[in-house]
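Biologist: I should like to examine this model with you. Please set each value against its definition before you draw a conclusion.

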Amino acid sequence: MEARLRIESSGFEARDVREIDLSIVVPLYNEEDNLAPLYRELKSVLDGYGHSYEIIFVNDGSTDGSSAVLETLHRDDESVTVIEFRRNFGKARALSAGFSEARGNIVITLDADLQDNPVEIPRFVERIREGFDLVSGWKYERKDPLSKTLPSRLFNSVVARTTGLPLHDFNCGFKAYSRSLVDNLNIYGELHRYIPALAFGDGFRVAELPVDHRPRLHGKSKYGWERFTRGMLDLLTVLFLTRYMKKPLHFFGSLGLVFMLFGLAINTYLAVIWFMGESIGRRPLLNLGVLLMVLGVQFISTGLIGEMLTHSHKGDECSPVARKLSRSDERGA
């Protein structure tokens, strides 16, 4: 197996078509002190597991000594691949680069902060082989301060109720993916938090696995309260992609009807009192009623335009999880 070290700016190459059993993808940013211990733990588990594997470190523009540590690991072990970003692009971009490089039939992702325990990897693999496409870790006894756990609980509760996927921990970095799911993933921005919801919306089978979570020993967390705000905004994107991508009128039309009904109620009330002889020309309520009616028409029109665009591209789409069985397949089997 040829070791590879690549430096990336924004794009990345297509992966090697030769597949292996497991690909371990580790996105990282400023984790110099954690990389060598993590590598040793991964090697201890993977060497005793009896399957072919590769370890892919994606350095997301670290400014500490992470690059030097990764170069040493890459030089000493042909199973290690290192992808270096010239600057920080974010975790979604790092995962995309790792998925593009990964050749494994099963892809495992985990964070580089040593809080995810590599001994859990065989359990993830077992669940994937049971027929699931994505197995998401659940840090049921989380070893983090309240400043991280409280917003995370609120975030997970809102996402579970909104998406209809009853997971306890959407944002856990410890996950396992089937090859078919990896080949159909398209994540950008900060949508890595919603990979389970996106996969579930596309018809892939999603499961959750309680995992051991360890306290951070070196370095510091890269996330704070601000990620909660960004996450809520990204949730709107996920809802569009999973629920309304093929039926935009259901979203825009619903909002338009609400605006129009409120506007109609206001204008009806004003019309009644006008017939009773009361002047309404200077009432601000009249402006509100007209504005709501106009907004309602605009939202419904936007939904109709979206429906026409969706219909015009209907012939170009295909289902990523569709599978056709034919008599010829059975005879061939």
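Biologist: Between which two elements does the loop with Asn30 lie?

Modeller: Asn30 is in the loop between β2 and α1. Helices (H or I, at least four residues) and strands (E, at least two) are DSSP runs, numbered from the N terminus. The model is a predicted one, in which local features need pLDDT of at least 70 and side-chain atom pairs pLDDT 80 or more, while totals for chains, interfaces and linings use all residues. Residues are numbered from 1 along each chain as its sequence is written, and side-chain values use heavy atoms, without hydrogens and water.

Biologist: Why is Leu114 called buried?

Modeller: Buried means under 20% relative accessible area, and exposed means over 50%, with partly exposed in between (1.4 Å probe, protein chains only). Leu114 has 9% relative accessibility, so it counts as buried.

Biologist: Is Leu261 buried or exposed, and how do you know?

Modeller: Its relative accessible area is 58%, and therefore Leu261 is exposed. Leu261 lies in helix α9 (residues 248–275). Leu261 and Gly296 are 35 residues apart in sequence, and their C-alpha atoms are 8.4 Å apart in space. In the chain of 333 residues, 44% are buried.

Biologist: How do you know that the length of α1 agrees with that of a helix?

Modeller: The expected span is 1.5 Å times one less than the number of residues. Helix α1 (residues 32–47) has 16 residues and should span 22 Å; its end C-alpha atoms are 23 Å apart, which agrees.

Biologist: Which residues of α1 are buried, and what puts them on the same side?

Modeller: The buried residues of α1 are Asn34, Leu35, Leu38, Tyr39, Leu42, Lys43, Val45 and Leu46. They cover an arc of only 165 degrees around the axis, so they are on the same side of α1. The arc is that of the directions from the helix axis to the C-beta atoms. On the other side of α1, Arg40 and Ser44 are exposed. An α-helix has 3.6 residues a turn, so residues three or four places apart point the same way.

Biologist: What do the buried residues of α1 pack against?

Modeller: With contact meaning heavy atoms within 4.5 Å, they pack against β2 (20–28), β3 (53–59), α2 (66–76), β4 (80–85) and α4 (121–129).

Biologist: What makes one side of α4 the buried side?

Modeller: In α4, Ile121, Phe124, Val125 and Ile128 are buried. They cover an arc of only 100 degrees around the axis, which puts them on the same side of α4. The partners of these buried residues are β2, α1, β5, β6 (134–138), β7 and β8 (206–210).

Biologist: How many cavities of 30 Å³ or more are there, and which residues line the largest cavity?

Modeller: The count is 1 cavity of 30 Å³ or more. A cavity is a set of points on a 1 Å grid where a 1.4 Å probe fits but cannot get out, and its lining residues have an atom within 4 Å of a point. The largest cavity is lined by Lys91, Leu95, Thr109, Asn171, Cys172, Gly173, Lys175, Tyr177, His192 and Ile195. Two or more residues of this lining come from each of α3 (91–101) and β7 (175–178).

Conventions:
1 Å grid on protein atoms, 1.4 Å probe; cavity = no way out; pocket = protein on both sides within 12 Å on 5 of 7 lines; lining within 4 Å. Points joined across faces, edges and corners; volume = space filled by probe spheres on them.
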